Structures are given as structure tokens and as C-alpha cells.
Amino acid sequence: MTNPTDVVLVPHTHWDREWYLPFQVFRVRLVEMMDRVLDQLEADERFRFTLDGQLAAIDDYLHIRPEAEPRIRRLVAGGRLAIGPWQVLLDQFLVSGETIVRDLRLGWERARQLGGGMVVGYLPDMFGHVAQMPQILRRAGIERAVVWRGVPDAIDRHVFLWISPDGSAVTAEYLPDGYGNGLSLLERPELANERLEALQEQIGPFFGPDPLLAMCGADHTTPADDLMARIDAFAATQQRWRLRVETLDDYLAGTPPAGTVWRGELRSSARANQLMNVTSARIDIKVAMARAERALTRYAEPLGALWGRPGYTPFLELAWGKVIASSAHDSICGCSIDAVVDQVLVRLGEGAQIAETVAERAVGALAAGVATGHVMIANPSPVGRRDVVELRTSVPETWRTVAIELPDGSRTTAQDLAREAPVHLDEIMPLDRAREFFLRIHGTELFGRHVRDWRIVASTETGTRDGGDERAGASGPRLEIEVAEDPSTFELSVLQRHFDAAAAQETGPWRVVVRAAPVRRLVARVPAPALGWSGLRVVEGEGTLDDPVSVGDRRLANGRIAVDVTEDGSIRVDAMDAGKGRAACVGRLVDEGDFGDTYNWAPTAHERPIVAPLGTQVIVRERGPVRGVLEVRSTYRWPLAAAPDGTGRSPETADVPITTELELRAGEPFVRLRVVLDNSCRDHRLRFVAALPLPADHSSAEGQFAVVDRGLTIEGGHGEVGQAAFPASAFVDAGGLAILLPQVTEYQLDEDGRAIGLTILRATGYLSRDANPYRRDPAGGQFEVPGAQCRGPWSLAFGLYPHSGSWVEADVVGEAERYRHPFMVAAGTGPAGGPLGAGEGLAVDGNGLTLSALRRDGDWLELRLACETPEGSVALIRGPFLEAYEADLLGNAGPRLPVQDRSVQLQLAPWEIRTLRLLAPRAPG
């Protein structure tokens, strides 16, 4: 008699919080499912349940059933209900590396409160896996992972060693045939043997002599109430199979050592749908996510930690909750129904609003130390640098030229953008209307400014000012009000009392005049210390400027880069790196049909991309020397939609105006672009396609603590066409061209590596299309999602940086930092007459280092850096700290580090993520 085959059954559910139904609808189902599961667990000591690796399901349940928390604690403590370690199952490629860390930390802490989570990186349904996930898990003390999508054909065993770019490794359990491979095994007892045979045939080669892993669950499923009875009954009728029920954590404790090794990201379609085009579905969500993440990690938290006042931590926690809830894979991917997308955008908007307000409060605290009438700038980068800022400030009309005075007494050029009309109102009105005019004044506010002074001039040519001074007037009575930007001590009742007294002596109409001090909008390139601030003052005269911008009718240039608009509206960018040769690229907009869905782009049959506009006009908006701006206005004729059968695009067309804004700044080696349109068409994809300076055999894309090299193709299979369409976070570099990005964006190199396409807009009408030409297996239900057509106003920003040498030699990491993180600006509110001043916060010197987090925890600062270079780096960190300790990603302190003169030096290995805890009590007051 042969030995029975062991099969481990893991009852579970995969709970998408929102997808083809909104969150609250799914929560009703969640509560019903959890009620049954808890009853089952308490009814049979042998039953086990794995709750999808995410604590959000527990929190969503307990919000409705708070009385169930003791039951959950008992079951978790007994090892029969497996929870965590994540808060949500996020999409790894569409959020920042820091969001991945915060998701893990939030889930880990919540699991600890409930008795402890699985020490397993459970990643069952993410659409691929980032290269640095093994390092993230290991630095949180997790040595095992579970994966499905993205695993390449080279993996031929259920256990393999997965290694990050830095060398960190985890033992990964591959789920052949997915997380629902055991769902129906015992659904019909009479077919159990046959289904087990089929399971062994399907996944047995991956397991060999090891027990088969049967994941008994799927999307939003509930285990059968009599599952254990079915297992007992089946065991009594045969000896071929030996079934046992375990949690996933228990099963993994008995898995053998890994043999096969895989290094880097997992993005293969060999055995499961990769669903690679979710990056370009509902790009507005990706923009909103990046805005909220950046506001939190690069403005609110670091500036607040160094310069802000205490009391804002609960706001930041609330904002992070919004961001993390929106990072769930079906949420951030845009592959959900419109109602879900609407709610995601609201959550992300709230998260950004909170973070931006907290950042403004921190900057406001700094502005209190800068004299009223001066300007304060704040630098969110951990290195001192220059940036171009816009200032809106009062300037005497007699000043013909102005400059910006810096704290060291030097002056930099100020470019005059616009002058605002000093007179807001000049109107003659009868007495009753003049009295009603006071209703427009709310406190001190009038016309968006504040009343600073007033004057009443009687028809007798005498007047009172603030109830006292006599002044010459005009032929009729006149009320003159002066408004200014800054809050004032104006009292409306005092003005009304004096007006009523003057009005009693008048019989004719009143002339009401509201004036402001002359205001100019200026732009200047100014320096600020690392994570610090600097005071500025507008002065009369000239300043100096390196690499000023010159502007022609169709050209921008600054000595480092030149941008030309050709007759057909294409954009040519030339750069000269001293001593290293010239690099150039030419880009244009390309539109083509889309007969796919939110998961996978697919072309319409007989596709003929549209590249030529009907006409192009170039308008000069700003003429330098600090900043030059051109608007390229082109009109394209696009088909209105795809043919219903996908055989082509409709004969009906629409003329679509598109504006491409080109902005070049003094001193910058890249040009900033924004494509703006009002999309009136359906079923199409718009890309910016740039010819590369040099042919490329790979791309290098930044994201999630690494810069990953990718080839021109990817591994297809499983009925999904392997499109080499990839996400990039801060930049993608290929063939001497870096594209700088403010949000995660989809890109693709063409097959011969001579051009790169950046997706600006993708319009599709189905969540999942059953007849998608590029995918055999549907990715979901065929639900119509009109919102995914993205009709109406649309824009997307990016930068072009042609360079010689590699991306490391061209410091693309540093240029992306400068592109993505503008200075903040605030008006000084301190006492007049003080010095300008400047202050450094916390500085990090070193090559290829990126700041992931700087946050305050009481008297401690938590600092997280990533070494995004293959060469490693020495980091010199200086700031207002007294002690320094190593820490893991969960915030637990480790060995103490030597601190000298409030500085600490670290050696970071290539691609290493490093976390420190720094003792830095807040200054009193």
C-alpha cells in the first residue's frame, strides 16, 4: 500500500474592501462572513482560519461588532485565527516605499494589540512584487513571504529564495494556481477524490514529496459551516489522501529550505495575469496618491518634526489612515467601479488637505521669526539647494527693477511676472448704499485682503483719518479704504461711527475708493539650507543669476539645455554636459485606440496611431531670465470611440485642442512639461513618445527604494500578452534620457529600444472586458465604468532631462529630488526691522541617498534613508540631535551610534534601507 498524500487545507478568504461594489456594501458581507467564521472557530477546536493578512478586515468588522473583540483575542492567542501583518493588501508598485512601510507598521501594531500577527509577508493578489520587498520584510523581522502573481517560469518549486538588490533574502512560498486552488475540493463530497487528483496533477510537480498546499477560499468567500464534518466523512471513505487543516502560519513553519533563487522584482505573466496596465488606469488616482504621500513624507512630517509646534500627531495619523486605506490594490489601481474611485479620490484629497495644512502650520511657525514685509522660504530636501519660487509682495510703483536680497547680503535677480491693479473699487454711490458697503467687510477682510487704514474726506475738503487727522478732500464726500495682505487691528465699529458722524453733515452721494499697496508677482531663484529656512527681502536694483533663461518665439535655453518647438509641434530638447558630449531627444504626442479594460490595454484591429496635429501655435507666456514658459497649442482630430467589435475606431471624430506647457528655469538641466486637454473621446490611449538620444537595451526606473533595470520585453503566458509596460515613481532613464515624474507613471520602450512612450491618458469603459484581445482570463466582472473614460479636463506633468553618461553619473536621483519637491513660501509675520536670518534643520550628505521619512515621536526623530545607487554611499547626518541609534522598520531601537558635534556618519551598502532614531527634544516654547 502506498503512503497517503498529505494535503494541508488553509481555510481563508481574500477580502477586497472595495472593488466591483463599494466598501460599505462589502462590509455588510464581511460582518456576515465573520459572524459565521467566529461561530465555526468556537464550535470546533480543530477549525482554523487565515484572515487574508490584513488587519483592516478586523477593524471594519469590529467597528460594527465591537463586542466581538474578546472572542477575536482568544482565537488569535490560541493560534486558530491568523491575522496580519499588513493593515491592507496594497499594490506595491503604485505607492511609495514609505507607504509600504507605514502599512506594515500599522498592521503589525494592530495585530500586536489583538494578540499577535502572522510573521509572514502575505502577498496573495498583488499585481507583481517590488524588488525591495525582501529587504522591507527582513528589516521588520519577517523571514517568509507568500506570493502568486508575477512569479516567473524559472521558479519550478513551491519554495524559493527571493533576494532584494541589497542582498536581503526571504523564503518565498509560491501559490501555484493561486490563492483559490482548494476552494471547491470538498464542495461536492462525491467529487472530492477526482478534484484532489486534478489538484495534484496541477500543482504536484511544484511540491514533490512535500504536502500539497490547498488554499480553501477566494474573493469574498465564507468557508462551509460543516467543513470539518466533510473532512471527517471523506477521511472515513478512503486512505489515498490525508487532509489536515492549518493556518497559513502553521503550514509555513514546516516548509523545507529554499533551493531556487530569484533576484529582484516579480513581474512575469508566465502563470498568472500580471495585469500590467493598471498603472495607466485612472491616472488621476495616482496623481492624488502622490500628492498625499509627498505632502506627508516630505513636508508635514519633516518640517513639523524640526520646526513645528506639538499637537499635530493625531492629524498626521488620520492622514496616513486615509492614504493607507486608499493603497489597497483594487483601490489605487483604478480597476474598480466608479463609485469606489470617487471615494478613493475623496480619501486621498482629505489626506493631502490634512498634511498640507500641518506643513503650513510648521512654516507659519518659522514665518513668525521673519519680519513682516519680508518673505520666508522652506526647503523640504535634506540637502541645501536652490529653487525657483514665486513671491507675491508689495513693491513701490516707482521701483523700475527689483532684486531679492539674501541673508548673506547678496542679491539675486527677480523676474517681474505681473502687477496687480492697486484700485479694487472706485464708485460713486448714494448714502444708503455707502452704508450697505460696510456689510462687505467681514472682521478685517475685504476683497480677499485686510483693512489696514481708512480715511474720510468731507465735501468741505477736510477729513478725519482713524478718527483724528484732518486732510484735504475733493468736491464731494469720499471714503478711502486701504487694504493689505497682512492681518490688521482694524475695528469696523470705529469706522462706522466716524462715517455716521460725517454723513450727518453731507447731502450728496459718496465716492467709495478701496486701494491696495502696489503688489507684484515675482519669480526668483533662491537658496535655502537643508530641511531649513531662509528669509528674503525685495529690494530695488539689480541682482545676479547663473544660467539665465533666454526665450525666443519657439525656443527656450539656459546655457545647460535648449528646447525647440518644431513646425509640426514636436519638442526637441538638447543638452550639453561639459566635456562629455551632447545629448538630444525629440518627443511628440501619439494617440491610439484602446479595446482593453482597466487591467490591460489592447489595441483595436488595424490600428493606425494619430501623430500629426491639424495645426500648431506657439505662445510665449514668460520671457525669463529666471523662468521661461512656452505654450504649444495643437489641435488633433481623434475618433470618438472604438468600434463595438474592436475592428477599428469610429468614423465619427472630434477636434481636440491640447496645450503642452514648456517651462525652463535658470540653472536647471531639464525642461518641465505639462500636457493639458479636455478629453471628449472614448476608448483610446494618449502617450508622449520621445526618440532617445541613444539606442537602449534596457530602462532604469526608480521606485520603492531602488532603481530597477528592465529589458525591452517581459515574460508572457497564461493567455496574457506580455507587454513591457512598467511603472516608474521618481524617474525612468533610458538611452541618455531621464524622464522625471511627480507621480507613478506608465512607460514603455519600443521593441528596438529607440523610443520611450509615457502614458498621459488611457480611456476605457470596462472594469474587465471578457473579450480583451490581450488577455484570455477575465480579471473581474464585465462591469461598465464610464468614469474610466476620463472625459473632461485632464493634465499630466513630467520633466525631460537628456544627459550623457549613466543615470548615476548624471545625478538623476538628485535632479528628481529637485524636480519633485518645491520650496514652500510664506510671508513674514514677525516684528518689523529684524535681520533676514536662515536656519538649517537636518542635513544628509552623500551620493544617491533619498529621504524616505523624518518624523517626530516625542523627544525622538525617526529618520529613514535609502541608498539608491549601485555603488553604496557614506552618509554624514547632522542636525539637532544628542544621541543616535540604529532601528528596524518597525521603529524598534538597536545599537547606539557614535555622535560627534551633533553629526553621525554611516556607511550604506548599495540599495540599503537604513532607519535611525535620534534623540532631539523640542526647544522650549
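Helices (H or I, at least four residues) and strands (E, at least two) here are DSSP runs, numbered from the N terminus. A few notes on the structure follow, for you to read alongside the model.

1. First, the ground rules. This is a predicted model, in which local features need pLDDT of at least 70 and side-chain atom pairs count only at pLDDT 80 or more, while totals for chains, interfaces and linings use all residues. Residues are numbered from 1 along each chain as its sequence is written, and side-chain values use heavy atoms, with hydrogens and water left out.

2. Let me start with Glu265, which sits in the loop between β10 (260–263) and α9 (283–307). Its relative accessible area is 14%, so Glu265 is buried (buried means under 20% relative accessible area, exposed over 50%, partly exposed in between, with a 1.4 Å probe and protein chains only). The side chain of Glu265 makes a polar contact with that of Arg710, at 2.8 Å. A polar contact is a pair of N or O atoms within 3.5 Å; within protein, one must be able to donate a hydrogen and the other to accept it, and residues adjacent in sequence count only if both atoms are side-chain atoms. Leaving aside residues up to four places away in sequence, Glu265 touches Phe93, His129, Val130, Ala131, Val708 and Arg710, where contact means heavy atoms within 4.5 Å.

3. Next, a pair of helices. α1 (residues 23–43) packs with α2 (residues 56–64) at an angle of about 85°, and their axes are 9 Å apart. That makes α1 roughly perpendicular to α2. Angles under 35 degrees count as roughly parallel, over 145 as roughly antiparallel, 65 to 115 as roughly perpendicular and the rest as oblique. Axes are lines fitted to C-alpha atoms, for helices over the stretch in contact, and angles run from 0 to 180 degrees between N-to-C directions. On the α1 side, the residues that meet α2 include Phe23, Leu30 and Met34; on the α2 side, Ile58, Tyr61 and Ile64 are among them.

4. Please have a look at the open sheet β8-β1-β9, three strands with parallel pairing. β8 and β9 are its edge strands, each pairing on one side only, and the twist averages 25° from one strand to the next. Two strands pair if DSSP finds at least two bridges between them; β1 and β9 have five, in the parallel sense, with Val8 opposite Arg244 in β9.

5. The buried residues of α6 include Leu196, Leu199, Ile203 and Phe206. Among the elements they pack against are β1 (5–11), β7 (169–174) and α7 (227–237). Just after the helix, Gly208 takes a positive phi of about 55°.

6. Further along come β29 (residues 615–623) and β30, paired in the antiparallel sense over eight bridges. They form a hairpin with three residues between them, and Gly624 in the turn has a positive phi of about 80°. Thr616 stands opposite Ser634 in β30. β30 (residues 627–639) is mostly covered, with 10 of its 13 residues buried. β30 also pairs with β31 (residues 653–665), again antiparallel, over 13 bridges; there, Val632 has Thr660 as its bridge partner.

7. What about β33 (residues 684–691)? Seven of its eight residues are buried, so β33 is largely enclosed by the rest of the structure. Its antiparallel pairing with β40 (residues 755–763) spans eight bridges, and Arg687 stands opposite Thr759 in β40.

8. Finally, an open antiparallel sheet of five strands, in the order β45-β46-β51-β48-β49. β45 (849–857) and β49 (893–897) stand at the edges with a single partner strand each, so one side of each has no neighbour in the sheet. Eight bridges join β45 to β46 (residues 860–867), and Arg855 has Glu862 as its bridge partner in β46. Gly879 lies in the loop between β47 (873–878) and β48 (883–887), and touches Gly841, Leu842 and Arg902, not counting residues up to four places away in sequence.
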